[in-house]
Amino acid sequence: MFNFFNNDNNSSSAANQAPEWLPLLQEAQERLFAFLTKLEERMEELTESAIPELLAVKADNEREFYALYSGVQGQLDSIRDKAQKVYEEKIEDLYYQINSAIGVLHPNHRELTSFRMTCSDRYHNDFDRKYQHHFEKLKQSQFTDYEALYSQLMAEHERIKNKFTCHQCGDTIPLTKVYFIVSHLACPSCQTKNTFKPSTLASRLEEIGRGLAEQRTQHLLDKYHQEQQRERDIYHEAHQLKLNISPMKNHRENERYLQQIKELEKRRQDSLALAPQYYQQYQRAMFDEWKRLVPDLAEQTENFYQGLQRRNF
């Protein structure tokens, strides 16, 4: 156990002597910084090596792509979890252990507070920013240009819509819409049923329609994520202000911090209430666009949407 208390607290020698826990703070901070740097290097190495492989696999087999993608994302999340565990065990636990022993009136308490703020900033701001950067780069590997695929599908339909003929009488059977499943079409001349088999591209209409609907409404989803990030930023800003409050400071200064924290908390609660509204706007717009792109499944798609709403609310 550390010798937090000096038996002769009133002597000048005790007042001038630095407590033995100060070097421990420096060591813990240096160890944290070095550990986070190694984790950041690992994240960069992981994403930079994984993305080319992911793109190559995606071109051949989407199911294999998503299995590989989930594995890489899991490794990124594991790195983040390690950082959080080390920060809590090596920084927060040390801070609370010393703080509870010395009290806020200790002449070196400012160094303890500064240690915590510096480490918190390195972890919550720097490391978290780099994690988000690599996570976003990884997400980009999922991108499929559904706008281009949908245009190809529509062009294909234009080419073949008047070329399907009856196997019995040879008359044209107009393809009045995009058929994405095997369909039996009656010849308008002899009423013979003809089996139409869609192309590989046409059979993906439901998937392409949803993907394109999501991409066309991405700006609304971004608005939701931005609100989520705003709430987190406000929380961290208030957290930093809380760390500034100390009995060592005058009452007016602490009151100013408390007022700022109160205002930030109001903004945070407003943000927490607003984010779900933005997400609901996105969902409604996305499903409406999906129905427009794949009208044959409009009723099924709307039922899917209503089912989500019942579960959410």
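## Surface and overall form

The chain exposes about 19100 Å², of which carbon and sulfur atoms supply 49%. The structure is a predicted model. Of the 313 residues in the chain, 37% are buried.

Nine helices and two strands make up the secondary structure of the chain. Their order along the sequence is α-α-α-α-α-β-β-α-α-α-α. The chain is more spread out than a compact globule, because its radius of gyration is 30 Å, well over the 20 Å that the globule rule gives for 313 residues. Along the principal axes, the C-alpha atoms fill a box of roughly 115 × 40 × 25 Å. Among contacts in the chain with a separation of 6 or more, 66% are between residues 24 or more positions apart.

## Confidence of the prediction

The mean pLDDT of the chain is 90, and 94% of the residues reach 70 or more. Confidence is highest in strand 2, at 97, and lowest in helix 1 (residues 12-16), where the mean is 47. The pLDDT is below 50 over residues 1-15, a stretch that has 17 contacts in the model beyond near neighbours in sequence.

## Aromatic pairs

A search of the whole structure gives 14 aromatic pairs. In one of them, the rings of Y131 and F135 have their centres 6.0 Å apart; their planes meet at 10°, so the pair is stacked. Both residues belong to helix 4 (residues 109-140), where Y131 and F135 are four residues apart, about one turn of the helix. Y131 has a relative accessible area of 3% and is therefore buried, the cut-off being under 20%. F135 is also buried, with a relative accessible area of 17%.

A further pair is formed by F164 and F196, whose ring centres are 5.2 Å apart; because their planes lie at 80°, the pair is edge-to-face. This pair links distant parts of the chain, 32 residues apart: F164 is in the loop between helix 5 (146-160) and strand 1 (183-186), whereas F196 is in strand 2 (residues 193-196). F164 is buried, with a relative accessible area of 17%. F196 likewise counts as buried, at 10% relative accessibility.

## Aromatic cluster and charges over rings

F287, W290, F304 and Y305 together form one aromatic cluster. The ring of Y305 also has the charged end of R284 over it, 4.0 Å from the ring centre.

T144 is located in the loop between helix 4 and helix 5. With a relative accessibility of 11%, T144 counts as buried.

Definitions and conventions: Residues are numbered from 1 along each chain as its sequence is written. This is a predicted model: local features need pLDDT of at least 70, side-chain atom pairs count only at pLDDT 80 or more; totals for chains, interfaces and linings use all residues. Side-chain values use heavy atoms; hydrogens and water are left out. Rings of Phe, Tyr and Trp (its six-membered ring) pair if their centres lie within 6.5 Å; planes under 30 degrees apart count as stacked, over 60 as edge-to-face and the rest as tilted. Buried means under 20% relative accessible area, exposed over 50%, partly exposed in between (1.4 Å probe, protein chains only). A charge sits over a ring if NZ of Lys or CZ of Arg is within 6 Å of the ring centre and within 35 degrees of the ring normal. pLDDT is the predictor's confidence in each residue, from 0 to 100. Contact means heavy atoms within 4.5 Å. The radius of gyration is taken over C-alpha atoms; the globule rule is 2.2 Å times the number of residues to the power 0.38. Accessible areas come from the Shrake-Rupley method with a 1.4 Å probe; for residues, only the protein chains shown count as cover.
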